[in-house]
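Dear colleague,

Please find below the structure that I am handing over to you, together with its sequence. My notes on what was found in it follow directly after.

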Amino acid sequence: MLLSLALVRAGLLLPGQVGALLAPRFGLLVLSALLVAAAGYIINDYYDVKIDAINRPDRLVVGRVVRRRTAMLAHLVLSGAGVALATFLSPLLGGVTLGAALLLWGYSARFKRVALVGNVSIGTLTAALVLLPELQLRTGNAVVWRYALAAFLLTVVREIVKDVEDMRGDAQHDCRTLPLVLGVARTKWVAGFFLACLCLLTGGAAAWLAVHGPWPLAAWLGALVLLPLGALVRLLVLADRRRHFRQLSTWCKGIMLAGVLSMALAGGVG
């Protein structure tokens, strides 16, 4: 998250102005986002103690290392501090941050157990993170919105893949995630739709950049984002074991990192 915020600001919006990363108001924005995100992880673990005991027993913290009451208090304190900082910066940022905190709560308590709703919720939060520096600076740069859309699409794909990976624990706790409602085969088609949209978006951007420049960004997107996306499509088609979907999730994270790093080459575009 910190890397994404820094590259959006100094790569996309204020290219070459590395000193902009040291601006106090940007530091407060980063701190606000990280506090709310940390609170989101805590509340998610709070509600998922029983499910995580099945799906990820080696990573169980709340209820084993940290008491549930302590976790809830930490969530409230971190969320409140994050929203307060964002509101100090501007009412718009405060509203967006408050919406993110509430969406994280809703996701943890209910949305993640509803087919596609939880996946889209996390995708929306990821897109909002990319947009935060633009909402603070108001530069009018359209490229940041395309990056936000790409982040949304890839995050939804990864969240759907994770639902397939976590089917066993989810099924035992009355969750209604996509693979439990539609089955694995149809769920792959839904993930494939979002993945196809992402491929079209990335392919179109790479083609436009190949003609108009900058060339390094076109080459980066083609080699490190578009080609791995093609490999991801193939893996998705062939996947039929839990370990296959775990591998797909790892590929999604790698592609996301490559996409984030491409912002360093995107200054001046759009």
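H10 and H11 cross in a left-handed manner. This description, like everything below, refers to a predicted model. The axes of H10 and helix H11, the latter spanning residues 215–238, come within 9 Å and cross at roughly 160°. An angle over 145 degrees counts as roughly antiparallel, and H10 is therefore roughly antiparallel to H11. On the H10 side, the residues that meet H11 include Lys188, Ala191, Leu195, Leu198, Ala205 and Leu209. On the H11 side, Trp215, Leu221, Val225, Leu229 and Leu236 are among those that meet H10. By class, the residues of this contact comprise 20 nonpolar, three polar and one charged.

The loop between H10 and H11 contains proline 214. The peptide bond that leads from glycine 213 to proline 214 is cis, and its omega is near 5°. As background, most peptide bonds are trans.

Helix H7 (residues 143–165) and helix H10 (residues 184–212) have axes that come within 9 Å and cross at roughly 160°. H7 is thus roughly antiparallel to H10, and the crossing of the two is left-handed. From H7, the contact draws on Arg146, Leu149, Phe152, Val156 and Ile160, among others. From H10, the contributors include Thr187, Val190, Ala191, Phe194, Leu195 and Leu198. The contact of H7 with H10 consists of 17 nonpolar residues, one polar and one charged.

H2 passes H4 in a left-handed crossing. The residues of the contact of H2 with H4 fall into 20 nonpolar, five polar and two charged.

Turning to the aromatic residues, a search of the whole structure gives three aromatic pairs. One of them joins tyrosine 47 and tryptophan 105 in an edge-to-face arrangement, with 6.5 Å centre to centre and 65° between the planes. Tyrosine 47 belongs to helix H2 (residues 24–47) and tryptophan 105 to helix H5 (residues 91–109), so this pair ties together parts that are 58 residues apart in sequence. Tyrosine 47 is partly exposed, at a relative accessible area of 29%, and tryptophan 105 is likewise partly exposed, at 30%. The rings of phenylalanine 193 and phenylalanine 194 have centres 5.5 Å apart and planes at 75°, so that pair is edge-to-face. Phenylalanine 193 is exposed, with a relative accessible area of 53%, whereas phenylalanine 194 is buried, at 11%.

Asparagine 119 is located in helix H6 (residues 117–137) and is buried, with a relative accessible area of 3%. Apart from its neighbours within four places in sequence, asparagine 119 is in contact with Val156, Glu159, Ile160, Asp163 and Leu178. Apart from its neighbours within four places in sequence, serine 249 is in contact with Arg158, Val161, Lys162 and Glu165.

Finally, there are two backbone angles to record. In general, most residues other than glycine have a negative phi. Leucine 116 is not a glycine, yet its phi is positive, at about 70°. Leucine 116 lies in the loop between H5 and H6 and is partly exposed, at 28% relative accessibility. Arginine 138 also has a positive phi, near 55°. Arginine 138 is found in the loop between H6 and H7 and is exposed, with a relative accessible area of 57%.

With kind regards

Conventions. Residues are numbered from 1 along each chain as its sequence is written. This is a predicted model: local features need pLDDT of at least 70, side-chain atom pairs count only at pLDDT 80 or more; totals for chains, interfaces and linings use all residues. Side-chain values use heavy atoms; hydrogens and water are left out. Rings of Phe, Tyr and Trp (its six-membered ring) pair if their centres lie within 6.5 Å; planes under 30 degrees apart count as stacked, over 60 as edge-to-face and the rest as tilted. Helices (H or I, at least four residues) and strands (E, at least two) are DSSP runs, numbered from the N terminus. Buried means under 20% relative accessible area, exposed over 50%, partly exposed in between (1.4 Å probe, protein chains only). Axes are lines fitted to C-alpha atoms, for helices over the stretch in contact, and angles run from 0 to 180 degrees between N-to-C directions. Angles under 35 degrees count as roughly parallel, over 145 as roughly antiparallel, 65 to 115 as roughly perpendicular and the rest as oblique. A crossing is left-handed if the near helix is turned anticlockwise from the far one by less than a right angle, and right-handed if clockwise. Contact means heavy atoms within 4.5 Å. Ala, Val, Leu, Ile, Met, Phe, Trp, Tyr, Cys and Pro count as nonpolar, Asp, Glu, Lys and Arg as charged, and the others, Gly among them, as polar.
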